[in-house]
Amino acid sequence: MRKIRLIIGREIKSKLKNKTFIIMTILAPLLITGFLAFMIKMTQSEKTEQNVLVIDDSQLFKDKLVGNDYISLSFTNQKLEKAVGEFTEKGYSCLLWISPTIVEGGAGAIKLFYKKSPGFAFQTYVKDQMERIIYESKLKANNIDPNIISNSKQSIKIILEKVNDKGSTQEQASFGLFGFLTGALMFMFILMYGMMVFRSVMEEKTNRIVEVIVSSVKPFELMLGKIIGVAILGTIQFLIMGLITFILTTALSAIFLKDASSQLKVFETQQELVKKNGTNVNFNELEKFDDKLELFDLLKKLQKIDFMEVFICFILYFIGGYLFYSSIMAAIGSAVDSESDSQQFITPVMIPLMIGYFIATKTIMDPDSSTVFWGSIIPFTSPIVMMSRITNGVPLWELVLSLSILFVSFIFTTWMAGKIYRTGILMYGKKTSWREIGKWLFYK
Amino acid sequence: MPDILQIKNVSKKYSNHVALNDVSLNVAEKAVFGLLGPNGAGKTSLIRIINQITGPDSGEIFFKGEKLTQKHVERIGYLPEERGLYKKMSVGDQVLYLAQLKGLSKAEAKKRLTFWFEKFEMQSWWKKKIEELSKGMQQKVQFIVTVIHEPELLILDEPFSGFDPINAQLIKNEILELRKKGATVIFSTHNMGSVEELCDNIALINKSEKILDGSVKEIRKANRTNTYKITFKGNLLGFTNALWTGGEILEKHTEDEIHSVTLKLSNGVTGSQLLQAVLPICEIHSFNELIPSMNDIFIMKVNQGNEAVGTQSNYTE
């Protein structure tokens, strides 16, 4: 045991001294949060202050077209030609001109003059409001109460409820994308650390130091020490990355989502009211949140995820999947002499991992298909596929079955890898084939 | 001397060839043992089995009378033919790590490493990475790795390859000093000069089988060919006549009236009989028996073995 500890220690130390490793550990969370921030930013509209001068030749919009927190509108009766030349000097950012024939429609009915583009969000804001004003005024012209129209519109939402074994139901998050991301993360981790074991084994073999080491420890101990060392290293890295990501996202949500959570509460109570009282509520309250619907959806889905369950499953499947693949990688590393030979042996190992990844993409669309089920049971793909399913609610027996198969399989692959490794590390100069490796399994 | 290592009927097969076929050897304690043989004879296979890197298919090995097990690795030091160290690791860390794998505590390993660094005058190397050292320097580090845990049995596979003559001499002296301190040294080599200089006993392996073993002195004695070199002043014709049928002249050479003759005596004729026969007719300057070198014996035995494929057992002992 003392010797395995020494090997584990060396493995960890040598990697911790590696600059790329340290940079990766810090850079990855930055990239992840950066990406997240970008996504959230995209769902929020741009808010640059706009001071708009409006020339309304149709006389339809005065007092109806209103600004908001960051858009202020001032109506004027100036001539258009004059105003175009002057509006920037008078401190307006743009000039909106509405033609007298706006109600009849047609292109060129409204013009926006600017020096600096006011952005798409501003255009949408103004356009939506004006369309509604025209709509309502046309209804009025025909003696139709706008309330009748808006009351007869009914938006619907499908609420997913999965019936579990006890017959009770539970509203599902069905956040396929999140599942897929955890699956993809698992794929990356297994591959990354598997390759780390592979390189470490090959380095010792090509360095020829391995013969000195196996004269002190059993080859199996050396292999095990390496695999465990990289596993500990991976866990440390994962925790550091997790911590940095957590801190960054907390800071990030404090900046970006300041009001979103409280706004979501208001929005939800409003929705409840709509459910209870039917149409007899103030729709304006709901409309206020129109531009935040995407964000609310994201937040609600995130709130429904049981992060503890995801975290525990991730750790368990990472350990199982990593040990399963890294022992195979160690065996291959021992069998090859050079990086260039290794490709033909790595590819067949990559294929099941890739298949797992593709099944995980299928989970987004079709989480209960039989491909996904079997993919999450068979050890070659189960760590990736099961992670992609986890937010959809997986019955406990499936989890237990899949994990048991995975752990029994890794004991088997480790045992087999030990046999191959023992012979492989001392084989030089020969072109290795799968047949040859098969024979090593049976050497004494 | 008792035996530190007894190898009994060890065989090892790989999928398409036999590496060792029923090899038995005893290695005496506190002596230098040479493991000789041409390339591919099975020396490295045997060395790996002694180091428990691989296991034999059949046969047994005893270390000081106990069956060889994993616990003995700490009492053995091994320098493989293909040298290797971690390129990116510092010299100090590396040796400490490998010494600890051989069972030393970290403090003890540090103490001994300091001693060796001072001895080889390489204190400044501690923090250097192996890839920054010259090949000869790397070899010195590797030698320290091999002996730092003060093994009772030291196994060196081609220890002198890659050393310049000065470093080779340094290592040679270390080997002799370690023997003086009570260590047993097994080394495999092609360098027959160093065998005569260093080895007390040898074993010769050819084509997976042991074909010769024993003490170097006795082997050379046993392989005497009754050949002598004699230098004298006098009549060469008279010398030849006196020799008569007692022997055959292999080579002769004359310089300043001094003849130098190499001759092989017939079976049953001794050196003193030759001397008695020629003494009356010439003035003898020197008289030497030509004992074959280990190099000659090596070549002779291996060639014999190769000629007699299939009946190699005739040549054991």
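**How the terms apply to this predicted model**

Guide: The contact between the two chains takes 22 residues from chain B and 18 residues from chain A, two residues being in contact if their C-beta atoms, placed from the backbone, lie within 7 Å. This is a predicted model, in which local features need pLDDT of at least 70 and side-chain atom pairs count only at pLDDT 80 or more, while totals for chains, interfaces and linings use all residues. Residues are numbered from 1 along each chain as its sequence is written, and chains are lettered from A in the order in which they are written.

Visitor: Which helix gives the largest share of the side of chain B that touches chain A?

Guide: Helix 2 (residues 91-101) of chain B does, with four residues; helices here are DSSP runs (H or I, at least four residues), numbered from the N terminus. By class, that side of chain B has 11 nonpolar, six polar and five charged residues, where Ala, Val, Leu, Ile, Met, Phe, Trp, Tyr, Cys and Pro count as nonpolar, Asp, Glu, Lys and Arg as charged, and the others, Gly among them, as polar.

Visitor: Why are helix 2 of chain B and helix 3 of chain B called oblique to each other?

Guide: Their axes, which are lines fitted to C-alpha atoms over the stretch in contact, with angles from 0 to 180 degrees between N-to-C directions, come within 9 Å and cross at roughly 125°. Angles under 35 degrees count as roughly parallel, over 145 as roughly antiparallel, 65 to 115 as roughly perpendicular and the rest as oblique, and helix 2 of chain B and helix 3 of chain B are therefore oblique. Among the residues making this contact are B:Val95 and B:Leu96 of helix 2 of chain B and B:Ala109 and B:Leu113 of helix 3 of chain B.

Visitor: What makes helix 4 of chain B roughly parallel to helix 5 of chain B?

Guide: The axes of helix 4 (residues 135-147) of chain B and helix 5 (residues 165-180) of chain B cross at roughly 10° and come within 11 Å, and that angle makes the two helices roughly parallel. The residues of their contact divide into four nonpolar, three polar and one charged, including B:Phe143 in helix 4 of chain B and B:Ile171 in helix 5 of chain B.
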